[in-house]
Amino acid sequence: PYGEPEGISNGTFVIAAGDDNSVWIGAESDGLFRVASDGEIDRWTTDEGLPAASVSALRHAADGTLWVGTFGGGLAHLSQTGDVLDVFDTESGLGSNQVISLYESDAGELWVGTAGGVNRIVDGRVIQSVTSDDGLPVNVVRHINADRQGKLWLSTESGLAVFDPERDQIVERLDAGSGLQSSVIVTTHIDDSGAVWVGSRVDGLARIDGAEQFVFTAQHGIGLRSIMGIAEDQTGGLWLVGRDGTMRVDKASLEAVAAGRAERVESRLLSEQDGLRTVRIPGGYQSPIAVLDNGEIWLASARGAARVNLDGLGSADIAQPLLIESVLIDGVSFGVEQVGSLPVDTKALEIHYSVPDLIAADRFRFRYRIRGQGQQWQDAGARRTAFFTDPRPGRNVFEVQVTNAGDPFGDEPHRIDSLDFTVTPRWYQRRVVQGGALFVGLIFAGFLYRRLIRGHKSRQITLEQTQEDRSAALQKALKKIDSATATDA
């Protein structure tokens with residue numbers, strides 16, 4: 001952790017990788033910090049020429065200089081030695097002095113997202129503005145990215161806008177109505193394959209690959225509703241940071257879920273047990289996460305910055321066994337050893353289980369089922385209680401399993417526990433009664449069947465007699481006709 005005890009402001013907004021594995025950190029009200037690879041810390045404030053003390057966007061340029069966006073003072077350009085070279089504000093042509101996002105193109109053009117639209121700076125001059133009058137959903141642009149064709153992906157709280165600099169126009173707009181998870185978009189990440197990963201302030205993660213869109217939910221293993229920053233590390237992991245915490249997700253498992261080859265992703269949720277002083281990431285600015293050349297991950301948080309070493313991210317070891325602790329029958333608590341037979345009128349059943357591990361308790365995930373009744377596994381997440389209403393009479397075997405967040409469930413003895421109990425059936429649910437009822441029903445069905453057969457045979461005999469009578473009458477009539485024909489003059 002890097003906060004006030006280490007010489008960094010507690011409230012940090014943004015972070016950016018610098019040269020030689022250094023990192024730049026923008027604070028909410030205390031200016032700009034630089035942490036060198038050897039741990040030495042430098043600081044810039046308004047005394048050193050920054051136009052404002054609130055740093056809201058950072059971009060390390062290809063030439064080694066640094067662009068510093070401030071919230072209220074415009075944009076500053078720092079040299080490699082940290083001298084302020086220039087300042088851009090509304091008088092220079094910026095749409096607003098509240099700078100929120102920055103992006104530098106391969107051609108060295110700087111795109112600046114402000115509270116008043118997007119501006120393009122070339123050779124030290126603001127030469128273009130893109131606002132809602134030009135098709136932006138709203139003027140506040142939270143994040144700017146570019147795909148392999150050079151099109152800019154602009155994140156706003158009213159959806160994504162794709163701007164084509166060559167055509168000088170918005171060529172596409174995406175929001176909840178066009179398949180995205182939400183219209184409140186605050187960040188994107190574009191990987192080497194060209195897929196666009198989209199983070200929403202309120203509705204998690206989505207993936208756009210050409211014409212295909214896929215939205216990840218909690219059922220897929222993405223428990224973060226608020227995603228304020230996305231970055232990719234050097235080991236195939238996608239980092240999702242937001243107001244609910246920080247999660248590392250295996251990108252291959254995300255792609256497998258999106259393609260329908262898997263149901264859940266492999267992930268790792270970071271918490272205070274990993275050394276974070278807080279899981280809360282303010283976000284909403286570019287960007288709260290940075291990946292250094294040496295593989296380290298840096299996060300900006302509400303209590304300073306944090307440096308993450310990937311080698312230290314092991315899974316929580318489930319050393320203690322999973323245990324079923326207690327059972328509530330219609331609100332009355334019983335020990336596990338007291339539960340053998342449940343009363344006939346049981347309406348509500350709660351089964352409490354846990355792993356007696358206080359070091360990494362929040363990383364465990366559970367699922368349960370009633371074996372033998374065709375019930376599928378129910379994903380309980382981190383919840384340690386199973387709920388049932390009107391349990392089925394007879395013998396029941398409750399099973400529960402535990403695993404680390406992101407890992408598959410296993411059948412190791414210490415990762416599974418079970419409870420065998422019987423629900424006393426009502427008189428009409430007893431097998432003797434049901435068997436007797438079945439026997440009586442079969443007898444009645446046989447009697448009814450015989451009655452039906454007899455009735456059918458009786459009707460058949462009557463029909464045959466009727467046909468014989470009609471045939472005899474017809475023969476008699478024909479004889480009369482023959483006789484009359486023979487004697488007719």
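The largest nonpolar core in this predicted model has 23 residues. Ile-351, Tyr-353, Phe-366, Phe-398 and Phe-421 have the most contacts inside this core. Strand E32 gives the most to the core, with four residues.

**Core**

- Phe-398, one of the core residues with the most contacts, touches Ile-324, Ile-351, Tyr-353, Tyr-368, Arg-369, Ile-370, Ala-386, Phe-388, Asp-417, Ser-418, Leu-419 and Phe-421, leaving aside residues up to four places away in sequence.

**Sheet**

- Strands of a sheet pair through backbone hydrogen bonds, in a parallel or an antiparallel way.
- An open sheet is formed by five strands in the order E30-E36-E35-E32-E33, and its pairing is mixed.
- Strand E30 (341–342) and strand E33 (378–381) are the edge strands, each pairing on one side only.
- Eight bridges join strand E32 (residues 364–371) to strand E35 (residues 394–404), and this pair is antiparallel.
- Phe-398 in E35 is the bridge partner of Ile-370, and Ile-370 is also among the residues that Phe-398 touches.

**Cavity**

- The count gives one cavity of 30 Å³ or more, and the space in the largest cavity is about 60 Å³.
- The lining of this cavity has 13 residues, and Leu-276, Arg-277, Thr-278, Ser-301 and Ala-306 lie nearest its centre.
- Strand E26 (297–301) and strand E27 (304–308) are the elements that give two or more residues to the lining; E27 gives the most, with three residues.
- Seven residues of the cavity lining are nonpolar, four are polar and two are charged.

**Largest pocket**

- The largest pocket holds about 960 Å³ of space.
- It is lined by 32 residues, with Arg-59, Asn-145, His-189, Ile-289 and Val-291 closest to its centre.
- Strands that each supply at least two lining residues include E1 (12–17), E5 (55–60), E9 (99–104) and E25 (289–291).
- The lining of the largest pocket consists of 15 nonpolar, ten polar and seven charged residues.

**Second largest pocket**

- The volume of the second largest pocket is about 480 Å³.
- Among its 19 lining residues, Glu-263, Arg-264, Arg-367, Pro-408 and Phe-409 are closest to the centre.
- Helix H1 (251–258), E32 and E33 each give at least two residues to this lining.
- By class, the lining of the second largest pocket has seven charged, six polar and six nonpolar residues.

Notes:
Residues numbered from 1 in each chain as written. Predicted model: local features only at pLDDT ≥ 70, side-chain atom pairs only at ≥ 80, totals over all residues. Heavy atoms only, no water. Pairing = 2+ DSSP bridges. Core = buried A, V, L, I, M, F, W, Y, C linked by side-chain atoms within 4.5 Å. Buried < 20%, exposed > 50% of the residue type's maximum accessible area, 1.4 Å probe, protein only. Contact = heavy atoms within 4.5 Å. 1 Å grid on protein atoms, 1.4 Å probe; cavity = no way out; pocket = protein on both sides within 12 Å on 5 of 7 lines; lining within 4 Å. Points joined across faces, edges and corners; volume = space filled by probe spheres on them. Nonpolar A, V, L, I, M, F, W, Y, C, P; charged D, E, K, R; others polar.
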